[in-house]
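Subject: Structure for you to look at

Dear colleague,

I am handing over a structure that you have not worked with before, and below it I set out what was found. Please keep it open while you read.

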Amino acid sequence: MKKCISVLTIMAFSVVVGCSSDSTSEASTNDVETLGSIAVIRNLSSDDHTTQFLAGVVAEGTALGYSVDTFISNGDDARFQELVEQQIEKGYDGLIISHGKAEYSTQMLEPALEKGIMVVTFDTAFQDDIVPEGITSTAQDDEALARLSLEEIVATSENSPATVLKLWFGPGIPPLDSREIVYKEYEQAGLIETLELIGPSTLDNVQGDIADRVGAVLPKYQVGSVDAMWGSWDEMAKGGYTALKEANRTDINLVSIDVSNQDINLMMEEGSVWTATAAVDPELIGVISTRILVQKLHGEEMPQTYNFEAQLIRSADLNDDTTMSTLAEVVPGWGQSDAFNELWMDELRDTYAK
């Protein structure tokens with residue numbers, strides 16, 4: 001398996017993040033033998049959210065005494081299924097699966113369950129919306145993310161209904177599909193009017209594709225005719241921001257979902273129209289998913305589903321020192337959770353601390 005590897009240091013652990021479509025990341029502990037092995041397979045590209053999510057898994061997994069390998073498929077469903085199958089065959093003790101689709105996830109994970117491998121999924125859909133017994137399915141609270149972002153648009157718009165350029169891709173990506181349900185509710189309630197639906201042709205070049213497509217439609221709309229651009233995913237929002245900036249359209253606010261250091265920097269640029277984003281800390285998602293998996297590996301009963309709490313971040317609240325690491329200073333509770341963190345886990349952290 002060909003790998004391209006670079007080193008990223010986070011939380012005093014050595015995190016190795018691959019830059020090919022299938023990457024391996026393993027963090028070393030002290031001389032104490034590890035308790036087992038975890039594989040993380042994610043069906044997205046290596047964007048900021050992915051990098052932080054994987055960092056959270058590796059850091060928490062290593063701290064709790066497990067070796068962690070990570071793999072990404074760049075949104076290629078066939079490659080994703082192949083990677084999952086390979087890791088099941090290798091006999092990992094636990095799997096964290098991210099962004100599987102309903103048409104194959106149930107069948108894809110059956111062999112893991114049959115082999116007694118513990119499984120936690122994130123933003124993964126299943127056949128008939130039924131989570132198979134033995135799997136804990138986690139997700140961002142996508143309904144809350146959509147409502148927070150859309151309420152911000154409605155509250156800050158001049159027009160009623162608010163006129164919106166919508167950045168969305170689907171159907172087929174579970175979190176975006178969930179956000180779409182709420183968006184449709186706001187449309188049907190007469191709170192927003194969609195002027196354009198703009199999406200990338202593929203997930204290979206989301207930012208560039210969106211920037212080109214938004215740039216092509218902006219001349220159709222006079223200043224003041226568009227209240228906001230809604231980015232259902234921050235990778236698309238970054239492309240929309242580029243187009244707005246190049247066109248000098250300071251009359252259109254950008255409100256998005258998800259957050260990264262790059263997003264924060266763009267939100268703090270002088271004259272930025274990126275006014276708010278609704279998000280969950282991606283590193284915390286990785287941390288909590290790992291805690292759930294480790295508890296399952298230790299024989300503890302875990303819930304079948306779990307949603308991560310969403311929060312709204314406004315550009316007006318940010319300052320020059322704000323990063324993903326310091327967001328808690330301006331967004332109370334950001335990146336902090338005791339969910340699934342038991343006292344016996346602190347004993348493991350003491351044992352495997354460097």
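Before the pairing of strands is described, one definition is needed: two strands are said to pair if DSSP finds at least two bridges between them. Please also bear in mind that this is a predicted model.

The sheet

The strands to begin with form an open sheet of 6 strands, in which the order is β9-β8-β10-β11-β12-β14 and the pairing is mixed. Because β9 (192–198) and β14 (311–314) each have a single partner strand, they stand at the edges, and one side of each is left without a neighbour in the sheet. From one strand to the next, the twist averages 20 degrees.

Helix α5 (residues 174–188) lies across β8, β9, β10 and β11 (253–257), and its direction runs at about 135 degrees to β9. Helix α6 (residues 206–217) also packs on the sheet, where it touches β8, β9 and β10, and its direction makes about 120 degrees with that of β9.

A pair of helices

Helix α9 (residues 282–297) and helix α10 (residues 343–352) have axes that come within 12 Å and cross at roughly 95 degrees. Since angles of 65 to 115 degrees count as roughly perpendicular, α9 and α10 are therefore roughly perpendicular to each other. In their contact, Arg291, Val294 and Gln295 of α9 meet Trp344, Met345 and Arg349 of α10, and these residues divide into 3 nonpolar, 1 polar and 2 charged.

One residue to look at

Is aspartate 263 buried or exposed? This residue has its place in helix α8 (residues 261–267), and because buried means under 20% relative accessible area, aspartate 263, at 0% relative accessibility, counts as buried. When residues up to four places away in sequence are not counted, aspartate 263 touches Asp234, Lys238, Asp258 and Trp274.

Key: Residues are numbered from 1 along each chain as its sequence is written. This is a predicted model: local features need pLDDT of at least 70, side-chain atom pairs count only at pLDDT 80 or more; totals for chains, interfaces and linings use all residues. Side-chain values use heavy atoms; hydrogens and water are left out. Helices (H or I, at least four residues) and strands (E, at least two) are DSSP runs, numbered from the N terminus. Axes are lines fitted to C-alpha atoms, for helices over the stretch in contact, and angles run from 0 to 180 degrees between N-to-C directions. Contact means heavy atoms within 4.5 Å. Angles under 35 degrees count as roughly parallel, over 145 as roughly antiparallel, 65 to 115 as roughly perpendicular and the rest as oblique. Ala, Val, Leu, Ile, Met, Phe, Trp, Tyr, Cys and Pro count as nonpolar, Asp, Glu, Lys and Arg as charged, and the others, Gly among them, as polar. Buried means under 20% relative accessible area, exposed over 50%, partly exposed in between (1.4 Å probe, protein chains only).
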